Amino acid sequence: MSELTKSKKTDLTAAFIEQSGLLAKQNIHDPQVSLRQAAIDSFSSQGLPTNKTEAYKYTPITRQLEKHFSPLDMVTSSPELNAGLEEQIRNILLDVEANQLVFVNGHFMEDLSFIISPQEEISIMPLQDAFDQKKDVIEAYYGKQADVKSDPFIAINTAIANQGVFLHVPKRKVVEKPVLVYFFSDANEGNTAAHPRNLYVVEENAQVQVAESFYTFGNASSFNNTVTEIVLKEAAQMHYCKYQNESEQAYHTGTTQLIQNLNSHFHGINVSLKGSMIRNNVNAVLDAEHCETHLYGLYMLDGNTHVDNHTSVDHKKPNAFSNELYKGIMDDQSKGVFNGKIFVRPNAQKTNAFQSNANILLTNEASIDTKPQLEIWADDVKCSHGATTGQLDSEKMFYLQTRGLSKIQARAVLLKAFAGDVIQHIKIDALREAIEQVISKRLEKEL
């Protein structure tokens, strides 16, 4: 019996290290062995972030994890898919013709998943299967984008993860049906943790739409620590959406790591509507000319929800374009954090890069810490950034009230329009409509 199972007093850092070591000793696939060990070593030197860690100074995620989870909670166990849980899941799944992969507590649920696109158009499978069936792609790209030294939660994920989604689109293929990935946390019987790892590779002149959705069932605490690596080759196009509507006891750390090649286009949308504490990292590397990157984000918070969005757009080559728009609506005692960085390297002349963060505070108790940043080492560029924080426009409120709307109805109309600037960019119609319904129901509760 390991020390981890003997005592709950073991701190979380030691628990993660021990769990990683146990996995490293198991009969795992060869491509992971050295990568897991490097991640273990990196996390051992970093540890979990503290209040002195600059990147997490506004988000005390370690303190919350230590408060709500024991080391035993971090050992992922297989869920029991009973009839009640299955019915809850089916009620959430979108009724749309799409490729669908379902995970519960990080484990693939084959009975709830299906692939409808032809194999010559796209390869989709659980990541674990890809280590056997797609060794060439795994060896070329897995673990090459997300740096274990850059963030301790990436290191944890790399060391522990063994389930997630593998997606590979061959050259010149247009995937007609979207890919919908669902991550459910079952916290009905107690605390749960999962560390999903996803790898999406889109080859030259190929196109695909992908959406990741996160939900939690039950009243216990859940922890999701995800890493998604995305590789876009020459002239590839991808529409990507990450949607979080978890529980008031849900904790989430996630990294989306993107690298783009010549003439590639990426449209990414991140929507966070519910959770106790959420940290989203989105890192885009424009590593060739004529890349185009669009990043959109919406965080609509209430209660004591805390959402921290950290974005990085790294222009390494000339003649590329990026546009970033993140919006926040904060009610009750909620807190938002936005830290957006744009890097323009010395070789990246003729770069166009724009970033905007707009926030609405609905109460005096709600707050936002926003820090847009530009670091430019080239002289022939067009770059701008900015942030605004305020309340709803009183003149617009007055105008709507003169047209017969109550004060609360007028507020709902304005907030829907504010959020719509982001939501409209979701290309999967069924998902966009589902998110719009969630937002409308939340606003209608106050009518």
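Eight bridges join strand β12 (residues 265-274) to β14, and the two strands run parallel. This pairing belongs to a predicted model, in which 10 strands form an open sheet of mixed pairing.

- Strand β14 (residues 292-301) is mostly covered, with nine of its 10 residues buried, and β14 pairs with strand β16 (residues 321-330) in the parallel sense over 10 bridges.

- Helix α10 lies across β12, β14, β16 and β18, and runs at about 150° to β16.
- Helix α11 also packs on the sheet, where it touches β8, β10, β12 and β14, and its direction makes about 30° with that of β12.
- The 17 residues of α10 should span 24 Å at 1.5 Å a residue, which agrees with the 24 Å that separates its end C-alpha atoms.
- The buried residues of α10 are A410, R411, A412, L414, L415, F418, A419, V422 and I423, and what covers them includes the strands β12, β14, β16 and β18 (352-361), together with the helices α9 (394-402) and α11 (429-444).

**Nonpolar cores**

- The largest nonpolar core has 44 residues, and those with the most contacts inside it are I89, F184, V271, L431, I435 and I439. Helix α10 (residues 407-423) supplies the largest share of this core, namely eight residues.
- I439, once its neighbours within four places in sequence are left aside, is in contact with L273, L298, M300, A419 and I423.
- A second, separate core of 42 residues includes Y200, A236, M238 and L286.
- As general background, nonpolar side chains in soluble globular proteins tend to be buried together.

**The enclosed helix α8**

- Helix α8 (residues 152-160) is largely enclosed by the rest of the structure, because nine of its nine residues are buried. These are P152, F153, I154, A155, I156, N157, T158, A159 and I160.
- At the start of α8, a side-chain oxygen of D151 comes to within 2.8 Å of the backbone nitrogen of F153.

**A buried lysine in a loop**

- K233 is found in the loop between β9 (222-232) and β10 (237-245), and with a relative accessibility of 18% K233 counts as buried, because the cut-off is under 20%.
- The side chain of K233 makes a polar contact, at 2.9 Å, with the side chain of Y141.
- Leaving aside its neighbours within four places in sequence, K233 is in contact with Y141, V202, E203, E204, N261, L262 and S264.

Note on methods
Residues are numbered from 1 along each chain as its sequence is written. This is a predicted model: local features need pLDDT of at least 70, side-chain atom pairs count only at pLDDT 80 or more; totals for chains, interfaces and linings use all residues. Side-chain values use heavy atoms; hydrogens and water are left out. Buried means under 20% relative accessible area, exposed over 50%, partly exposed in between (1.4 Å probe, protein chains only). Helices (H or I, at least four residues) and strands (E, at least two) are DSSP runs, numbered from the N terminus. Two strands pair if DSSP finds at least two bridges between them. A polar contact is a pair of N or O atoms within 3.5 Å; within protein, one must be able to donate a hydrogen and the other to accept it, and residues adjacent in sequence count only if both atoms are side-chain atoms. Contact means heavy atoms within 4.5 Å. A nonpolar core is a set of buried Ala, Val, Leu, Ile, Met, Phe, Trp, Tyr and Cys residues joined through side-chain atoms within 4.5 Å. The expected span of a helix is 1.5 Å times one less than its number of residues. Axes are lines fitted to C-alpha atoms, for helices over the stretch in contact, and angles run from 0 to 180 degrees between N-to-C directions.
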